[in-house]
Amino acid sequence: RTHHFLKVPGLCLPVSFATRERERESGGQSGVMIHFALLFSKQGKIRLSKYYEPYSQASRLKLQRDVMNLVIPRPSRLCNVVDYKTYKLVYKRYASLYFVFAVDADDNVLLALEKIQRFVEILDGYFGNVCELDLIYQFTKAYYVLDEVFVAGEMQESSKRLVARLVNEQDALVEQMKVQDE
């Protein structure tokens with residue numbers, strides 16, 4: 001894969017980065033910034049949470065409670081977007097799990113839904129048909145996957161194979177460290 005570079009005096013930026021900066025300066029939308037991600041069961045148990053902005057512990061608990069109270073009772077025939085404070089909550093239910101991303105109110109919700117779908121596909125590939133028990137008993141691996149896919153609230157890697165390889169390498173490193181400690 002070749003990268004084309006934009007020549008700016010004193011800088012050499014990849015075109016995609018330069019293009020994105022121009023879009024931001026001009027007010028264009030090039031992506032979706034996730035402010036927080038929550039995965040919870042239909043019984044209201046948090047299975048995974050990641051915050052890309054600072055929140056106090058009390059704020060996180062209130063936020064989690066508010067989000068679950070908005071999302072869980074919604075009938076399935078309604079759309080998968082809910083307004084919450086200054087955010088839009090974009091969610092998708094898979095079996096007994098809700099995957100919720102909070103995005104800016106003016107962000108493209110279809111892109112956010114696509115990011116949820118891609119994240120679930122990557123989890124499925126890694127765990128082999130992911131279920132709630134995988135997230136309960138192997139939550140560290142679920143966080144590894146989340147951290148490989150999203151950095152600072154932005155999707156960094158969408159390749160299922162690459163994420164699987166990176167997480168498998170992390171697993172091998174953890175196993176190697178366990179062997180060394182014995």
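At what angle do the axes of helix H5 (residues 139–149) and helix H6 (residues 160–181) cross, and within what distance do they come? The two axes cross at roughly 135° and come within 10 Å. Axes here are lines fitted to C-alpha atoms, for helices over the stretch in contact, and angles run from 0 to 180 degrees between N-to-C directions.

Before going on, a word on the model. This is a predicted model, in which local features need pLDDT of at least 70 and side-chain atom pairs count only at pLDDT 80 or more, while totals for chains, interfaces and linings use all residues. Residues are numbered from 1 along each chain as its sequence is written, and side-chain values use heavy atoms, with hydrogens and water left out.

**The overall picture**

The protein has six helices and nine strands; helices (H or I, at least four residues) and strands (E, at least two) are DSSP runs, numbered from the N terminus.

**Helix H5 and its two partners**

Two packed helices are described by the angle between their axes and the distance between the axes. Here are both pairs:

| Helix pair | Angle | Axis distance |
|---|---|---|
| H5 and H6 | roughly 135° | within 10 Å |
| H3 (residues 109–127) and H5 | about 135° | 11 Å |

H5 and H6 are therefore oblique to each other; angles under 35 degrees count as roughly parallel, over 145 as roughly antiparallel, 65 to 115 as roughly perpendicular and the rest as oblique. The contact (heavy atoms within 4.5 Å) is made by Lys141, Tyr144, Val145, Glu148 and Val149 of H5 and, on H6, by Val163, Leu166, Val167, Gln170, Asp171 and Val174. These residues divide into seven nonpolar, one polar and three charged. Ala, Val, Leu, Ile, Met, Phe, Trp, Tyr, Cys and Pro count as nonpolar, Asp, Glu, Lys and Arg as charged, and the others, Gly among them, as polar.

Turning to H3, its angle of about 135° to H5 makes H3 oblique to H5. From H3, the contact takes in Phe119, Ile122, Leu123, Tyr126 and Phe127, and from H5 Lys141, Ala142, Val145, Leu146 and Val149. By class, nine of these residues are nonpolar, none polar and one charged.

**A look at serine 41**

Serine 41 sits in strand S3 (residues 34–41). Because its relative accessibility is 0%, serine 41 counts as buried. Leaving aside residues up to four places away in sequence, serine 41 touches Arg47, Ile72, Ser96, Leu97, Tyr98 and Glu132.

Conventions. Buried < 20%, exposed > 50% of the residue type's maximum accessible area, 1.4 Å probe, protein only.
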